[in-house]
Amino acid sequence: MSNIEPALERNRAFAAADGHEGAVVLPHLDLLVVTCLDPRVDPAQFLGLGLSDAIVIRNVGGRVTPAVINDIAFISQIAESVLPDGPLFEVAVIHHTQCGAAALADADFRRRYAERIGAEDGPDLREHAIVDPTPTVATDVERLAASDAISPRIRVSGHVYDVTTGLVKTIVPG
């Protein structure tokens, strides 16, 4: 049996119960979350999100990368076509404690990882390390707010999720 089979069984139950009914493209909470792909860091769980409550972008460390900036620019372009005036949504960048991206601070790990993905082991890769999530989330909020691709109609905030307590602390208000 494939590892996805239990999830597919849950999907069939979801579809049979019409769980997908009422789903919309622009989120009910006017919220886009950027966070880590770590399975302990599921924003649907720790933020209590339901279907269509928020757009969620997940990657290693929940870092604001050029690809993330492009994704946010894309969804803001869609939102602007529907909402010609006023604020569009808030982007909440959420890093977390005990992040595996801390491994990128280790030179040997980083070198082997760079070889694996065909990248250079330089400052760009080192910058992705999350040893302390408080300064990295502040840096990512600044990076996102400073991007010309991001509409001034988007608010940006930064938070840290503590995987031990389950609480989210705001570092940079929106």
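## Basis of the model and overall layout

Helices (H or I, at least four residues) and strands (E, at least two) are taken here as DSSP runs, numbered from the N terminus. The structure is a predicted model, in which local features need pLDDT of at least 70 and side-chain atom pairs count only at pLDDT 80 or more, whereas totals for chains, interfaces and linings use all residues. Residues are numbered from 1 along each chain as its sequence is written, and side-chain values use heavy atoms, with hydrogens and water left out.

The chain holds six helices and five strands, and their order along the sequence reads α-β-α-β-α-β-α-α-α-β-β. Taken along the principal axes, the C-alpha atoms fill a box of roughly 50 × 50 × 35 Å. Of the 174 residues, 37% count as buried, where buried means under 20% relative accessible area, exposed means over 50%, and partly exposed lies in between (1.4 Å probe, protein chains only). Among contacts (heavy atoms within 4.5 Å) with a separation of 6 or more, 65% come from residues 24 or more positions apart.

## Helix α1 and residues with positive phi

Helix α1, residues 5–16, has twelve residues and reaches 17 Å from its first C-alpha to its last, which is close to the 16 Å expected at 1.5 Å a residue; the expected span is 1.5 Å times one less than the number of residues. Aspartate 18, which follows α1, has a positive phi near 60°.

Aspartate 30 has a positive phi near 50° and lies in the loop between α1 and β1 (31–36); with a relative accessible area of 41%, aspartate 30 is partly exposed. Serine 52, whose phi is positive and near 70°, is placed in the loop between α2 (43–46) and β2 (55–59), and counts as buried because its relative accessibility is 10%.

## Glutamate 80 in helix α3

Glutamate 80 is found in helix α3 (residues 66–82) and counts as partly exposed, because its relative accessibility is 28%. Leaving aside neighbours within four places in sequence, glutamate 80 is in contact with Leu88, Ser151 and Arg153. Between glutamate 80 and alanine 67 there are 20 Å in space, C-alpha to C-alpha, for a separation of 13 residues in sequence.

## The largest pocket

The largest pocket has a volume of about 190 Å³. On a 1 Å grid over the protein atoms alone, a pocket is an open set of points with protein on both sides within 12 Å along at least five of seven lines, and lining residues have an atom within 4 Å of a point; grid points are joined across faces, edges and corners, and the volume is the space filled by probe spheres set on the points.

The lining consists of Asn59, Val60, Thr65, Leu104, Phe109, Tyr113, Ile117, Asp124, Leu125 and His128. The elements that give two or more residues to this lining are α4 (107–117) and α5 (123–127), and α4 gives the most, with three residues. By class, the lining residues divide into six nonpolar, three polar and one charged, with Ala, Val, Leu, Ile, Met, Phe, Trp, Tyr, Cys and Pro counted as nonpolar, Asp, Glu, Lys and Arg as charged, and the others, Gly among them, as polar.

## Cysteines

When a disulfide is taken as a pair of cysteine sulfur atoms within 2.5 Å, the count comes to zero disulfides. Cysteine 36 is in no disulfide, and the nearest cysteine sulfur, that of cysteine 99, is 4.1 Å away. Cysteine 36 counts as buried at 4% relative accessibility, and cysteine 99 counts as buried at 8%.

Technical notes
On a 1 Å grid over the protein atoms alone, a cavity is a set of points where a 1.4 Å probe fits but cannot get out, and a pocket is an open set with protein on both sides within 12 Å along at least five of seven lines; lining residues have an atom within 4 Å of a point.
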